[in-house]
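This report looks at one helix and its surroundings, and then at the overall build of a chain. The structure under discussion is shown here.

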Amino acid sequence: MTATLRAEGVSKAFGGLQALSDCSLTAEAGRITGLIGPNGSGKTTLFNAITGYERIDAGQVFLGDRRITGASPQRVFACGIGRTFQLTRIFPRLTVLENMLVPARRGRSSRQHRERAMELLAFTGINGHAGAPAGTLSFGQRKLLELAYVLVADPAVVLLDEPAGGVNPSLILHIADRIRELNKAGRTFLIVEHNMDFVMGLCHQVTVLDSGTVVASGPPDAVRNNPRVLDAYLGIEADDD
Amino acid sequence: MASEISQAIAAGILGGCVYALMAAGLTLIFGVLDIINVAQGILVVLGAYLSYVLSVHLHLDLLLGLFITVPAMFVIGVAIYWLFIRPLRGAERTSMTLLACFAVGLIIEGVLYREFGSNYVSLTTWYTTATVHIFDFYLADIYLIGFGLAVVAIGVLYLILYRTTFGRAVRATMQNQVAARLIGIDVNRVSALTFGIGTAVTAIGGMVYGAISGGFTPNSGYDLISRLLAIVILAGMGSIGGALVAAVFMTTVEAVVDIWQPDWSVAVFYLAMVIILTFRPTGLFGRRAARAQ
Amino acid sequence: MTDERNRHLLGRSLPVAGVGALILVLAAFPLVFTNPTATNFGIITLVFVTVASAWNLFSGFSGYLSLGHAVFYGTGAYFLVVAAKDWNLNGSAVFWLLPLAGAVAALIAVPLGLVALRVRRHTFVVITIAFFFIAQLSASNLSVTGGSSGALAPIPNWASATYNNPFYYVALLLAAATVVLSVLVRRSRFGLQLRAIRDDEDRAAGLGVRTMPVKLTALVLSAFITGMAGALWVYFIGQAVPQFVFDPLFDLAVVLMAFFGGLGTIAGPVLGALVLEPTQLYLNLQETNGYTSEILFGALFLAVILFLPRGVLPTAAEYASSEWARKLALRVRSRRGRTDPADGEGSAAAPVGSEAAGTTR
């Protein structure tokens, strides 16, 4: 049971800085969409806007045909959208397993909840650390934990903020594999990433953001060769008009 | 009746400025260091006792005494920061620093009790009892002097913050500590000096308070800190201008209420605070709760 | 691995045995030390054990430090005094007022919590301080509480030799019940959510934790117990005077005890109270100038904050477990003759990958 996540015409300014102008983005149901762009282009702000961590000045956000513009993070979560953070936000003093048990149970009994938690920990590969305080996990392991616990509530749409950032290569492949598996099962993904190989190898669709606006959108190959994208990243002059 | 009220208002405004000065110190410390210095009340009392010692034992005029007490309190402030606050780190830093301030305040209170006992003392000189005749009521000279001092001090504070390089560093640290560090600002030094400044103003506040209050003991610190906290919360943490407005407003209302209900007049502070917090948790002028805990 | 299971069982039964022994010791205490001063110490210490644990139940688990718990304490105290007088109660019957006193305190915790829990932690502490002063002011000025001279509690007609004992056992019961409650809360989902709020409230909210009801419930529970403790204490002491009922030092002492023992743990506040309160009482007896204890408390607090920020128990546990873990690792190494990949060195490699890498040496 998945749905399309759509942002239309989203604008957000911080004081004098226009972080997002008229951004439109579609993460199609059952597909993996990548969101890339140079530093400061507004990717995380867009994420925050969609998931209710920032108020937007203009625009709308839809999940399926349900309008979720301006919903609080709790409501967004309740609608079935899960998200991770660039700088992992886990509960350091709780054990890894306890971290998994924090998200709301959604009608499961506590035993089923626990079992599912252990399943997901095994799925991501950190079940060996289930009893350790989450604060003792390494950075890469925390990323896995974050991935695991957003999945506990069975979100239809998963937003990942730099899942491969700062993680060593073998683990990146591991994460990519897991995402593919989850996607095959029908989950929609929207992934912000800097790692081009990761994005291009994984995503069905890529949207490029530069200085708060969408400059390109399409399959990875098309985007990779798009001159406007190259311009955004490398500052190469586009062909004269 | 009208003259009583106008007298109360005048006293309130003038007194309010003194509270404003002390509240400004509190807000400054909060803005730069992210700490609520709950010892500010007892520090004011300490300042008052210092003035008392200088006045009674060394026969130094109160105003002249300020030239000693202000630097002394500044040094004490820097020392408190450096010894007890700077070493604190970790996830619970905000709570710890608050408790550390509480503990320091307690120690100071205990020491004051040991030195001075629990008798009421007050600061008196020729101008604490002299009054000036304005319109149809009398206003104690000391109120005007206190007001003058407060205005001067706030002016100096403003000059420091907005016209010196140091002040720029302070404002930068207030806005973003990490960025300030990155551009070479020695945040520790700025913090220490700011804490010192925030404490130094209590020397002035202490002197005026000691003269106006009609008697204080080490226990008076609680009354003071509760008012200062109410002011700062009402104004919103981090807004110095707001603290000024809130201080004057609340002190004035209290003075007016005092005419009818002296026992409950201080409740004005608390009531205002609770009301504001119910509708605007970040205070009237406060920054939106953007800081991480 | 039977080693692990054995360790697990030992780990569970040892504390239970320890606690059982402690309770027996405490129960026998008044029978052994019949000196009223001793039972006096015992009662007050047990009251502090209760309040420290109750405070920890809210503040330790949620991370919202309350410096105004005296409000609940005082409310319970004044309720008992007023109710005992109005309903003409004395003797053991008064003890039945305790749960009522707790309920009244719990009731006022609701509006207080609704106002105070909506703000960030900084401001929260300050608001609790303000509430504390409001309460003190009210108690001093309202006639129902007897104004600044206070109100008297009924004095039961018990034999002076064993006068303290009923109070002692009620206090012991209350303390034990509070500890049990703490354990239950910590193990429950409610406790988990509370602790998640402590670690990262926004994240918890974003994951569906209903933060306000959770925090409020913890506060109400804490207030309920603290109110009962206050009522018991005032009945024992015999009178309620605003300065002593609403005493900032009291709040600080409670916080210090919890911090000292270990904030957020269960045994921490108990340990803190058992160690610090008798010390304070003893010092008060020795020193005629009562303000020394203020200075000492302040200094001790600073020392704890600076040097033992997590409290005695967690620091000791960590030290012990790291020592223990090192010895275990040494034994494993010498037995198997190779480096254990699960050495806890926190490498960034994928767990699956590293396990594989380790065995294919």
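Which helices of chain A do the buried residues of α4(A) pack against?

## Helix α4 of chain A and its packing

In this predicted model, the buried residues of α4(A) pack against α3 (96-101), α5 (139-152) and α6 (169-184) of chain A. The buried residues in α4(A) include A:A117, A:L120, A:L121 and A:T124. Viewed down the axis of α4(A), its buried residues fall within an arc of 100°, and they therefore line one face of the helix. Turned away from that buried side is a face that carries the exposed residues A:R111, A:Q112 and A:E115.

## Length and end of the helix

Just after α4(A), A:G125 adopts a positive phi of about 95°.

## Overall build of chain B

Chain B contains 12 helices and 2 strands, and from the N terminus on its elements follow the order α-α-α-α-α-β-β-α-α-α-α-α-α-α. The radius of gyration of chain B is 19 Å, close to the 19 Å that the globule rule gives for 293 residues, so the chain is as compact as a globular protein of that length.

Along its principal axes, the C-alpha trace of chain B spans about 60 × 45 × 35 Å, and buried residues make up 53% of its 293 residues. Among contacts in chain B between residues at least 6 apart in sequence, 77% join residues at least 24 apart.

Methods: Residues numbered from 1 in each chain as written. Chains lettered and ligands numbered in written order. Predicted model: local features only at pLDDT ≥ 70, side-chain atom pairs only at ≥ 80, totals over all residues. Helix = DSSP H or I, 4+ residues; strand = E, 2+ residues; numbered from the N terminus. Rg over C-alpha atoms; globule rule 2.2 N^0.38 Å. Buried ≥ 20, exposed ≤ 12 C-beta atoms within 10 Å, placed from the backbone. Contact = placed C-beta atoms within 7 Å. Arc of directions from axis to C-beta.
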